Structures are given as structure tokens and as C-alpha cells.
Amino acid sequence: MKLSATTAQNSFKYGWLLSRIWPYIKPYMFRIILGFLVAIPLGLLDGVTAFALKPYMDYVIGGKSFEFSLLNHPFVITSVQMAVILPIGVILFAAIQGVLRYTNGYLSSWTSAHITNDVKFDLFERLIHMHPQFFDENSSGIIISRYMGDPGTASAGIVDNIKTITTSLFGALGLIAVMLYSSWKLAIIGVVVLCVAFLPVALIRKRIKAASNKNMVIGGNITTNINETYNGNKVMAAYGLQERQNKYFKDQTWESYNVGMSLYKRSGWMSPLMYLIASFGIATVLGVGTYLINSGQMTAGSFASFVTSLLLLYKPVKTLGNTLTGIQNIFVAMGRIFELFDLEPEIKDSPNARELKGLNESIKFENVEFEYIPNHPVLKNLNLEVKKNETLAIVGNSGGGKSTLVNLLPRFYDIKSGAIKFDGTDIREYTIESLRQNISMVFQDNFLFSGTIRENIMMGNPSASEQELRQAIESAHLQEMIADLPDGLESMLGERGLTLSGGQRQRVAIARAMLRNAPIVILDEATSALDNESEAIVQKAMDNLMKNRTVFIIAHRLSTIKNANRIAVINEGELVELGTHEELMSIPEGEYKTLYEMQFKKQDTEEESTIGAL
Ligand SMILES: Nc1ncnc2c1ncn2[C@@H]1O[C@H](COP(=O)(O)OP(=O)(O)OP(=O)(O)O)[C@@H](O)[C@H]1O
Ligand SMILES: [Mg+2]
């Protein structure tokens, strides 16, 4: 399935999405609730400074004593004492708020990182089991952003939002309480104006969403561009494609800039507008406040508290507004995540799959039809039987379907119709794991993982003994090369094993396949020409791997073809000829004969002349 970079189908089913994310949140509920509980006083304490202004103005500046009774005891706090107590109180509360803020921040970072990790682990687990076609269809940029970016957005988003919403909400409530306490009449004016000021927020939600979708697509394109620049750096250098890559990168980056700027043009007026509306509110409050003070309905201290609260209120309300707007993005990310969770690998075990334990008789292709893209047949009605321990060489035109044919054996792709049978049983009736366990593959372009040579060879069979490893290395004729390396077997290979030559890489792959010791061997011979010496050594390594095994070898060299028991000629997806070298050569104007005349005869005479010269 081709993944979209933007929204998934279920991005707007909020209840469903929450029920899906719940199992990830549940284990951390205790800490989330704790964070929530801490966020309440954290928010409420915002009002303290504003609240402290009233007694400060009324008693300290007004020069009055504060008299009150506690448990029937009269207490008096003089204005001088008040001048000391209040600032200390403000500092003390700020310190308490600091501790709470740290605790709350720590808890939310901790929980969001844990939830993100859990989601990422499960997603990656899914990714590694996806079928090859999935990787054919989706660019690396999309895969990275969807598998690695979204989990953070979703999980961190949820936890951060709980944190932000609670602190802002309780911050606002605390300030509103101070305002109400100072003067309920003014408070009503203040709150109404604030609500009006935030109306525009609701209006631009859609624009923000559209822009963030667009930026996601661009982000994916840029990642793909960087990956291609990395992986294709030699082709880029050889063909002077730097400018092409550069231009694409610049175009995409500017595109992202344009999206951002157009969003700003369309929504950037919001904040100034909000301030303008709020200033009307403040002007009104100042007027009404002056009237209330003059008419003795309010003290100057209450008024100071009120105005400070009103000014402080702007921040939590704005944060609240932004957060509520941003929640949409979290659901979109969640929708994308759970779409990935619901992707079933198209190639999977059938319900009653059983273990494949070696090959006893033969491998059979029966009326096999296959296509990558619907209605573009790649293999057409293919019938073929390969006996146990037989070596079948496959030749044919480029793009004819040779690699495809062998990729069907380990079920990298499933056929459209017909059957592939091992010992008379359809391969789809075996477990994929056991099927692949019975096959050693050496690919046309062998991929080595970053790590040591030892690790790369041991991948063939992680439980192999040191003795078996040494044997595999010998059979692959790697011992000399390894001895020449500074760290021997422990030498590190680059991310793509690039420090080795083509022939060496191929022999590492052969050693890996050797160690697997599987009864079926698939070899996609490298098309690239190796020099004579390397070729001879690779040939020897391959011969060792092929001994006493059932082998499919896509052959490009005459020596391999001649060593095979039979040769299959695949042209345009059809098996056109099958037989030994001699049999096929005896068909007048046969496909193989033509191919031989064109490609191999030269090699043949070269070999003869080499032998003759010896
Ligand atoms: N992953 C894929 N998705 C879609 N089409 C594909 C894929 N792999 C191969 N094809 C197409 O299938 C056809 C057969 O390709 P295949 O790689 O099997 O050819 P081949 O015989 O191995 O060629 P060569 O000798 O050049 O390696 C080609 O037309 C190719 O474009
Ligand atoms: Mg091929």
C-alpha cells in the first residue's frame, strides 16, 4: 500500500483513536495523574503575585495596619511588617512554584518519552515484517517521517497537552478568582473581552492544518532527497548531478518556506488583532475602575490586583487557545500511526502453516503467473521442475523476469495464480520462517550491514561455531583478504560495506550463505565484470556453495552456465527453452543458441585461448 504523507482515513474518529492509544498511556497513568495533580497548584499559584498587590497597596502604601482574628485571638500586622512579609511571601511562592514546575516538567518529559518509545518499538516491529513490495512503493522519506516522526508528535503531544491545558486552565482560573475577588463587575467585563479577543483563533484552525499537511509532504521529499544524495553519491559525482540535487533541495526548502510564509500572512494578523481587542477591554476596565474607586466601591489595591491579573490572564488563555488548536495535529498523527498498525503484511503465514524441513525431491513451478503492477504480467504461465541437488542456470534478456522468478521462492512476492511446490506442497503452506531458513541467497548487489565482517558473515547463522565460521571463510576464499585487513575479522564495514570491492563483497555474501548451510541456494550472479583473477576466485567460492545443493543461478558467465545441469531461458516472462547446453545448442536458431553466439562465444574462445596458452 502506498502511504500518504498527510491524513489517514481515520484521523477524525477521535473516540476510536483515543481507544487505540489508551493501551500505550495506561501503564503510565499513575505518573500522568501525578503530573496532573501537580499542575493544578502550579497553575493556581500564578495568581499569587497579582493577589499580593492588593494588601501591598492598601496596607503598605496606604500605611494601615492589618487586623484580623484567628481562633478568637486578635492579631495585628503593621504596615512595616507587611512590607517585609509580602515580598518574602511572593518569593516563597515562586520557589514552591519552581519546584512544582520542575516536577511537572520532569513527569511529563518522562511519560511522553516512554509512551513515544513504546509506540516506536511496536511500529518498527511492524516495519521490519512488511513485505518487499511495501518498500518498493514507499520512499525512505515517507517511511522515516511516518514511522519515526509521528509517534513523538502523537505521544508527546498528548502528555504535553494534558500538562499545558491543566496548568493554563488552572492558571486562568486562579487569576479569574483574584479578579472576581477584586471586583466581580470588572471581572465580567474582562472575561467577556478576552473571549471576544480569542474568537479569531477558531477561524484559522483549518488553515494551520492544511499548511502542516503540506509541510509534512515537503519534509518527506527532503529526507528522500538527502538519502538519494547519500546513496547515489557516486552516480551524482560521475554525471555531475550536484546541481540537480541542489536545485531539488532548494526548491523543496523554499516551498516549505512559502507554505510557512503564506500561513503567516493569512494568520499572523491574529495576534495583533487579539491585542487590539484586549486593549479595548483594558481601556474599558481603566474607565470603569476609576469610577469604582472614586465612588468608593473599590480600593486602589484591589484595582492594582485586578489589572495585574487581567494582564497576566492573557498568557494562559492564549496558550490554552493554541493548545486546543494544536490538538487536531495530534489526532492527525495518531490517525497516521494507527493506519500503520493496521497494515497487514501482504505476505504472511497461512493459518495452518507447517514447518519446511529440507527438500527431498523437487521444486516445481506450475502455471505460475506473476505481476508487480496489476495487468502488467511479468511471468507468464511458467512451468518448471528442478530436482533435488540439481543446478539450474537461468539466462535471458534483461528485464525478462529472472530475478523475479527466484524472488518468488522465499516468498518476497506471492504469485497471482498457479503454484510453486516444494516436494509437492505449495510453499504458501509452509511457515515463511522455515521456508526462508531453507534458502541461502546471494543477491546481485550484495548488501552488507554496518558492523564487522564477522557479524556480517555470522548473519547467515548466528549460532554457528568458530570452526564452521572458519570453514565458510575458507570456502568463500576470503581468508587471504581477511588476513590482510588490519583488524582481520573484526574490521568494520561502512554503512554500505563500501570499503570492500565488488568481488570481495560478493564473497562475504557467499560466506554468509555458506554458513546458513541451507539445502536450496539462489545466486543472482553479479553482472558487473570482475577482473580475471577475482572472477576465478568468486567462481571457486560459488562452486563450493553450490556443491550438493539445489541451486538456481542467474548466470551471466559461460563458465557458470556450462557447469549447470540444465539451462532455462526466460524471455519476456516466458520459459522459452529448457535443457542442457548441448541440447539447447542443437536447436537451430534457438534462443539460447542466439544468446550464446552473441554473448558467450567470445568468452568461450577467450577461455580456450587462455587454456591453449598455458
Ligand atoms: N519491485 C518491482 N516493482 C515493479 N516492477 C518490477 C519490480 N522489480 C522488477 N520489476 C519489473 O519486472 C520485470 C522483470 O524484472 P527482473 O528484475 O525480474 O528482470 P531480470 O530478468 O532479473 O533482469 P536483469 O537481467 O536485468 O537483472 C521488469 O520489467 C521490471 O521492470
Ligand atoms: Mg536481475
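**Figure 1. Helix H6 in the predicted model.** The expected span of a helix is 1.5 Å times one less than its number of residues. Helix H6 covers residues 140-182, 43 residues in total. From first to last C-alpha, H6 reaches 59 Å, close to the expected 63 Å.

**Figure 2. Division of the protein chain into two domains.** Domain 1 takes in residues 14-341. Domain 2 is made of two segments, 388-399 and 446-613. Taken over C-alpha atoms, the centres of domain 1 and domain 2 are separated by 60 Å.

**Figure 3. The largest nonpolar core and the surroundings of Ala 511.** This core has 69 residues. Among the residues with the most contacts inside it are Ala 393, Ile 394, Ile 510, Ala 511 and Ile 522. Helix H19, residues 502-516, supplies the largest share of the core, 7 residues. Beyond its neighbours within four places in sequence, Ala 511 is in contact with Ile 457, Ala 472, Ile 473, Ala 476 and Leu 478. Another core, of 30 residues, lies apart from this one and includes Ala 52, Leu 194, Phe 306 and Leu 313.

**Figure 4. Ile 363 in strand E3.** Strand E3 spans residues 362-371. Ile 363 counts as buried because 21 other C-beta atoms lie within 10 Å, the cut-off being 20 or more. Residues up to four places away in sequence aside, Ile 363 touches Val 386, Phe 422 and Thr 550. Val 442 is 79 residues from Ile 363 in sequence, and their C-alpha atoms are 19 Å apart in space.

**Figure 5. Two asparagines with positive phi, Asn 72 and Asn 548.** Asn 72 lies in the loop between strand E1 (66-70) and strand E2 (73-77), and its phi is near 65 degrees. Asn 72 counts as exposed because it has 5 C-beta neighbours inside 10 Å, where the limit is 12 or fewer. Asn 548 has a phi of about 55 degrees and is placed in the loop between helix H20 (532-546) and strand E12 (550-554). With 8 C-beta neighbours inside 10 Å, Asn 548 is also exposed.

**Figure 6. Residues 609-614, where pLDDT stays under 50.** For this stretch the model has 0 contacts beyond four places in sequence. Over the protein chain, the mean pLDDT is 86, and 94% of the residues reach 70 or more.

Conventions: Residues are numbered from 1 along each chain as its sequence is written. Chains are lettered from A and ligands numbered from 1 in the order in which they are written. This is a predicted model: local features need pLDDT of at least 70, side-chain atom pairs count only at pLDDT 80 or more; totals for chains, interfaces and linings use all residues. Helices (H or I, at least four residues) and strands (E, at least two) are DSSP runs, numbered from the N terminus. Domain bounds come from an automatic or database domain assignment. A nonpolar core is a set of buried Ala, Val, Leu, Ile, Met, Phe, Trp, Tyr and Cys residues joined through C-beta atoms within 7 Å. Two residues are in contact if their C-beta atoms, placed from the backbone, lie within 7 Å. pLDDT is the predictor's confidence in each residue, from 0 to 100.
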